[in-house]
Amino acid sequence: MTGFLSLFRRLEGPQTVGRGPGFWGLFAVVLAVALAYPLFSDGYTVGNTVYFFVWVFIALSLCIIWGYGGSLSFGQTAFFGIAGYGYGVLTLNFGSAYGFTLVALVIAVGIAALFAVLLGYFMFFGRIAGVFLGIVTLAVTLMLERFMAQTAGPEWHIGSARLNGFNGMSAMPPLTIPWPGEPIVLFADVGLYYFVLGLLVVVYLALRILMNSSFGNVIVAIRENPERAEMLGYDIRKYQLITFVIGAALAGISGVLYTAWGQYITPSSMGMTAAALPLIWVAVGGRSDLTSTVVGTLVVLAAFQALTIYGSQYALVFMGVLLVLTVLIAPNGLVLGVMHWLGRLAARFTQRAG
Amino acid sequence: MDIATHVFSALYQFGDAFAFLVLSACGLAVIFGMMGVINLAHGEFIMCGAYVTAATVHAGLPLPLGILAGTVVSALVGVLVELAVIRHLYDRPLDTIVATWGLSLIATQGTLIMVGSTMAGVGTPFGSFQVGDYSYSIYRIVLFCSALGVLAALYALFNWTRFGVLARATIQVPHMAAALGVDTRLIYSLTFACGAGLAGLAGGLYAPTMTLVPTMGATFIMEAFVTVVIGGADVFLGTAPAGGVLAIVKSVMTSWQGQLFGQIGLLVAVIIVVRVLPKGISGFVLRERT
């Protein structure tokens, strides 16, 4: 019991918003609603909700690297694409038997992380920071998109998997969990919903623990003042590299889940527009907190989809306006601002009650 | 084929790559070097210049006047953008990147909605000439000369005019310049307009050579960023030599393995250079000098 309590205490700290019974009570309610949600909805809507959840991982990756670490990376969609293509190539070659899709998930995310180690080494050990980091990551992302877009010919294949250029890869098997008797195939409805929801909760809580640990404190210290952090004896390059790799792995999870969800992946998932969207979710939500990133991502995604249905082509213009206005008016993010306001309100309320 | 034609072919490809890199990068380099702002909407200013050029040429103006119109319109749009957005973000460089990206998104999609997915192009003027077995476009030579001309004009502007002196003073110590009576806000506005106008010029110059689509800015933006990263903050000590070095890398890789490998060569070059020279070529030169 004490072990459980100490673990619970680690979930709270100065680096994350939300503490105490009030917050966790709300968390439990939201989780319960999310768990019960498929019971009240149809398969299509649930599958659509999974689509939203899939993007939360890449938003969290940007939150860690940009919001907590202070290094603006435009390259998250590159890791997204690498992992997505990795999953496609692996499963098209080796099939989905014996739960191999889960192994493919791990390997694909690993490839993305490995690529991040390589890129991050050159960037952080070359002491690139600030705007240059953004440019280098953006250049890498655009380069990958162009490379994948020209792989249309039959000579571009890995094993039996054709890369198919601009049209992208398709028809890879969905995630499958091996089960005695019959394996559980996670199509884009209730099955995948619970899988992704579980993964999301685990990742969210794990990141809370990580960011409130001494590691997270050092990361935030580097964001606030790199020189000071270095003078205090931390090798900031290592910390930045580790953060970057964790972020890349999270973006990779998004990529694999997206590929498994829709059973396709195209080079445009790494293009300029695709790279801009996570930035908008995170900036609007509030980049310096995990909870506001998750909430912001889901809200903006839902709004974007509604706009796409009713206003079709104006949706992207609206997103651009939203981003510019957020940066100008509420640089810390709209959701985070609302959360702080609610927190103050609750504090005043409890004070008066006490 | 004798050696002279080989040499000419190599020189021609080098000149073509150099012109592309310098023309697409100098607007970005002016804004970054002078203001420390990375303008991610740079590609969209190029697109703006190209579209205005094409529209005016279709309306009956000769091409040089069209290019001039493209430059001026881009510069004016630049002034508006500076007033509305950039001005409020000078103390937050990362946020300017994000905001200009939002602008780029608005501009690309807005153009798609208003003008449509393509615009009728402009024919490449001047025709071509023959050396050895290959024919070369004269317009590419014009582009190379334009790149040199732009560099010379920028040098003259920042070294020999009153605006240039005030701009450099503002860049060095903004408060001091302001105390001496320089309207630093005006200087920033004009510098941004200058960078945007240079982007428009690049768009206008390249309008006859490519298809006009709303996403055409993305064709330039990677090369522009790579050149600025390698060059560092100074336009003359950075962008011009970086353009030269990268043009060699690009033309050699392109003639060896094709266009894509030319771009991959650029990317590898930038990753290696930032590892060795984090402040770019101009940072290296300036440190050596002082």
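Visitor: Which residue just after α2(B) takes a positive phi?

Guide: B:Gly60 does, with a phi of about 115°. Helices here are DSSP runs of H or I with at least four residues, strands are runs of E with at least two, and both are numbered from the N terminus. This is a predicted model, in which local features need pLDDT of at least 70, side-chain atom pairs count only at pLDDT 80 or more, and totals for chains, interfaces and linings use all residues. Residues are numbered from 1 along each chain as its sequence is written, while chains are lettered from A and ligands numbered from 1 in the order in which they are written.

Visitor: How many residues of α2(B) are buried?

Guide: A residue is buried if 20 or more other C-beta atoms, placed from the backbone, lie within 10 Å of its own. In α2(B) 16 of the 17 residues are buried, so the helix is largely enclosed by the rest of the structure. Across the 290 residues of chain B, 50% count as buried.

Visitor: What does the secondary structure of chain B come to?

Guide: Chain B has 12 helices and two strands. From the N terminus, the order is α-α-α-α-β-β-α-α-α-α-α-α-α-α.

Visitor: What box do the C-alpha atoms of chain B fill?

Guide: Along the principal axes, the box is roughly 65 × 50 × 35 Å.

Conventions
A residue is buried if 20 or more other C-beta atoms lie within 10 Å of its own, exposed if 12 or fewer, and partly exposed in between; C-beta atoms are placed from the backbone.
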